Amino acid sequence: MVNVTINNRQVEVEEGSTILEAARKLNIEIPTLCFLKGINEVGDCRMCVVEVEGMRGMTPACITKVRDGMVVHTATPKVLEARSVVLDLILSNHDRKCLTCTRNGNCELQRLAQEFNVDEIEFDGERVEKKIDDLSPSIVRDNNKCILCRRCVAACKNVQGIGAIDCAGRGFSSSISTYKDLSLNDVNCTFCGQCIEACPVGALKEKDSTKDVWKALRDEDKYVVVQTAPAVRVGLGEEFGMEIGTNVAGKMVTALRLLGFDKVFDTNTGADFTIVEEGTEFIERATNGGTLPMITSCSPGWVRYMELNYPELIPHLSTCKSPHQMFGAIVKSWYAEKMGIDPSKIYMVSVMPCIAKKFERTRDDMQGTGFDDVDAVITTRELARMIKQAHIEFTGLEDSGFDDPMGEATGAAAIFGTTGGVMEAALRTVAEKVTGKTFDKLDYEAVRGEQGIKRASINLDGKEVKVVVASGLKNAQTILEEIKAGKADYQFVEIMACPGGCVMGGGQPIRSSKDRATIDIRSKRAGALYTIDEASTLRKSHENPVLQAIYKDYLGEAGGHKAHELLHTSYVAREKYKLED
Ligand code: SF4
Ligand code: SF4
Ligand code: SF4
């Protein structure tokens with residue numbers, strides 16, 4: 001431990017801490033912009049400069065380590081002037097169209113401008129209008145709002161191991177760019193959205209689908225059905241100032257009804273279908289010499305990564321569609337038939353924590369009924385925007401439940417939203433299917449927790465199944481290299497594109513750099529999902545009575561012909577870069 005004095009107050013901190021961390025222990029706030037803990041710690045933007053006695057000039061607090069006896073001043077007139085100049089320079093080359101910006105109200109630059117009481121831009125000068133990249137179905141990149149902090153570059157390269165974006169050019173012509181300045185649609189981008197979560201401003205955002213959804217809701221000829229993914233209910237409340245990890249399922253359902261959806265269903269029912277189909281596929285592969293290890297396929301950012309980078313390993317991917325696509329296909333087939341609704345009139349909206357799902361719904365082989373399984377995907381953030389637009393007082397809403405008959409789901413489905421959840425849900429079903437016994441032990445602790453890669457050996461009544469769970473694409477790469485090198489001694493693998501799983505998806509509420517450094521956001525959101533699971537009466541997907549009825553009356557056998565037609569898909573090798581001829 002070392003003793004430091006900051007603004008005349010003493011604090012004891014661990015050796016190796018930065019000035020920023022030491023100041024936070026004293027609740028002294030030092031502004032940052034380019035800093036993102038564990039991801040981008042470079043001290044480039046100089047917003048966090050402080051004065052240290054005995055040191056010449058000023059030093060960035062985010063990367064300067066404390067020494068015993070160090071005396072720091074974080075808010076001298078000189079320091080404040082230096083930060084003002086930095087802010088002025090950034091704002092001078094920024095489009096400042098806050099009123100029409102998705103980050104209005106949740107922008108780190110806007111907040112700093114407020115705090116610094118900016119009333120005019122001293123260095124206002126020439127600006128270059130940059131083109132907006134909105135070609136992809138998932139993501140929009142607007143360099144006119146980019147402040148060149150490189151947090152997105154670090155998230156893409158260091159966390160995801162991809163490097164789809166980087167800094168190009170020098171000085172005034174510096175910009176964040178892609179290979180040959182192609183659209184993100186035409187490079188090795190997976191649409192995971194981790195760059196959006198990292199961006200402090202509105203330079204990166206999801207492709208908006210709310211206008212399409214409003215249009216469908218206004219169309220009296222359409223029967224508009226909405227389904228919501230497990231992770232959305234433990235994230236949405238944050239958009240309304242609620243505590244991280246609050247389960248707002250009841251309020252969310254009420255809000256969706258107020259928005260005018262004809263039916264409000266639960267993607268968790270789709271997740272139960274995924275487990276039953278995936279479990280059946282795994283047992284079939286394991287007993288009949290199929291390709292192993294089998295890898296889960298419910299994370300579309302991960303699937304795209306595989307198609308772009310490891311097409312030779314595609315046979316390892318489960319052919320199961322992701323839960324919301326399965327659910328869309330069931331609604332447009334079984335449900336439409338049961339209710340006597342023309343499936344061409346059904347407009348299926350998925351509310352997802354993910355922006356890759358926007359891309360996924362446009363894939364080939366996602367039209368099990370002859371119609372698109374899903375017609376629009378909106379993120380947790382977009383749903384919050386729709387609720388705000390309709391002036392619904394979200395926090396004061398009464399709770400209500402999902403609509404029957406597709407509103408019943410198990411606890412196993414709820415934990416799909418966090419890393420390890422799909423594996424745990426699958427093991428609950430596989431264990432009983434393989435042994436023909438009923439198990440009371442349902443918690444597979446070995447696959448829980450925050451580690452990027454978790455390995456476990458599970459004893460299924462004398463049979464050993466080795467499993468691996470990986471989240472984040474850099475970790476996925478480690479597993480794929482093992483499989484490629486013939487070193488995989490495991491049979492079943494779960495991979496999620498986003499570090500921590502869907503609770504930390506690219507469509508979830510964006511938290512500030514400070515929140516990310518000081519709050520365990522993943523654990524809080526994931527903890528809420530485990531609480532839902534524990535409180536559920538049914539905790540095994542194959543025990544969901546809705547599924548049992550649909551298999552009995554409509555689909556036939558799990559993994560059978562009709563189930564394959566509606567609930568399974570195929571994959572393609574993709575070019576990493578699409579260059580014009
Ligand atoms: S990025 Fe922030 S400062 Fe820039 S226009 Fe958007 S809200 Fe305003
Ligand atoms: S969406 Fe993911 S892969 Fe694409 S640029 Fe952003 S971080 Fe990189
Ligand atoms: S796009 Fe966002 S995260 Fe990336 S450099 Fe620009 S401002 Fe920073």
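This is a predicted model: local features need pLDDT of at least 70, side-chain atom pairs count only at pLDDT 80 or more; totals for chains, interfaces and linings use all residues.
Helix H8 and helix H14 cross in a right-handed sense. The axes of H8 and H14 (residues 421-435) lie 9 Å apart, at an angle of about 55 degrees. Angles from 65 to 115 degrees count as roughly perpendicular, those under 35 as roughly parallel and those over 145 as roughly antiparallel. The pair H8 and H14 is therefore oblique.

Which residues make this contact? From H8 come Ile275, Val276, Glu278, Gly279, Phe282 and Ile283. H14 answers with Ala425, Ala426, Thr429, Val430, Lys433 and Val434. By class, the contact has eight nonpolar, two polar and two charged residues.

H8 spans residues 267-288, and it also packs against helix H10 (residues 323-339). Here the angle is about 100 degrees, and the axes are 7 Å apart. That angle makes H8 roughly perpendicular to H10. On the H8 side, the contact uses Thr267, Thr269, Gly270, Ala271, Phe273 and Thr274. On the H10 side, it uses Pro323, His324, Met326, Phe327 and Ile330. Six of these residues are nonpolar and five are polar. No charged residue takes part in the contact of H8 with H10.

Proline 293 sits in the loop between H8 and strand E13 (294-295). Another cis bond links aspartate 404 and proline 405, where omega is about 0 degrees. Proline 405 belongs to the loop between helix H12 (380-389) and helix H13 (411-414).

Now turn to the sheet. Strands of a sheet pair through backbone hydrogen bonds, either parallel or antiparallel. In this model, five strands form an open sheet in the order E2-E1-E5-E3-E4, with mixed pairing. Strand E2 (9-13) and strand E4 (59-60) are the edges, and each pairs on one side only. E2 pairs with strand E1 (residues 2-6) in the antiparallel sense, over five bridges. Within that pairing, valine 4 stands opposite valine 11 in E2.

A helix covers part of this sheet. Helix H2 (residues 77-92) lies across strand E3 (49-52) and strand E5 (70-73). H2 runs at about 155 degrees to E3. The loop between helix H1 (19-25) and E3 holds asparagine 27. Phi of asparagine 27 is near 60 degrees, a positive value in a residue other than glycine.

Ligand 2 has 15 residues around it. The nearest are Cys156, Ala164, Cys189, Cys192 and Cys195. Helix H4 (151-159) and helix H5 (194-198) each supply at least two residues of this shell. How many nonpolar, polar and charged residues does the shell around ligand 2 have? It has eleven nonpolar and four polar residues, and no charged ones.

How values were computed. Residues are numbered from 1 along each chain as its sequence is written. Chains are lettered from A and ligands numbered from 1 in the order in which they are written. A residue is near a molecule or strand if its C-beta atom, placed from the backbone, lies within 6 Å of it. Helices (H or I, at least four residues) and strands (E, at least two) are DSSP runs, numbered from the N terminus. Ala, Val, Leu, Ile, Met, Phe, Trp, Tyr, Cys and Pro count as nonpolar, Asp, Glu, Lys and Arg as charged, and the others, Gly among them, as polar. Two strands pair if DSSP finds at least two bridges between them. Two residues are in contact if their C-beta atoms, placed from the backbone, lie within 7 Å. Axes are lines fitted to C-alpha atoms, for helices over the stretch in contact, and angles run from 0 to 180 degrees between N-to-C directions. A crossing is left-handed if the near helix is turned anticlockwise from the far one by less than a right angle, and right-handed if clockwise.
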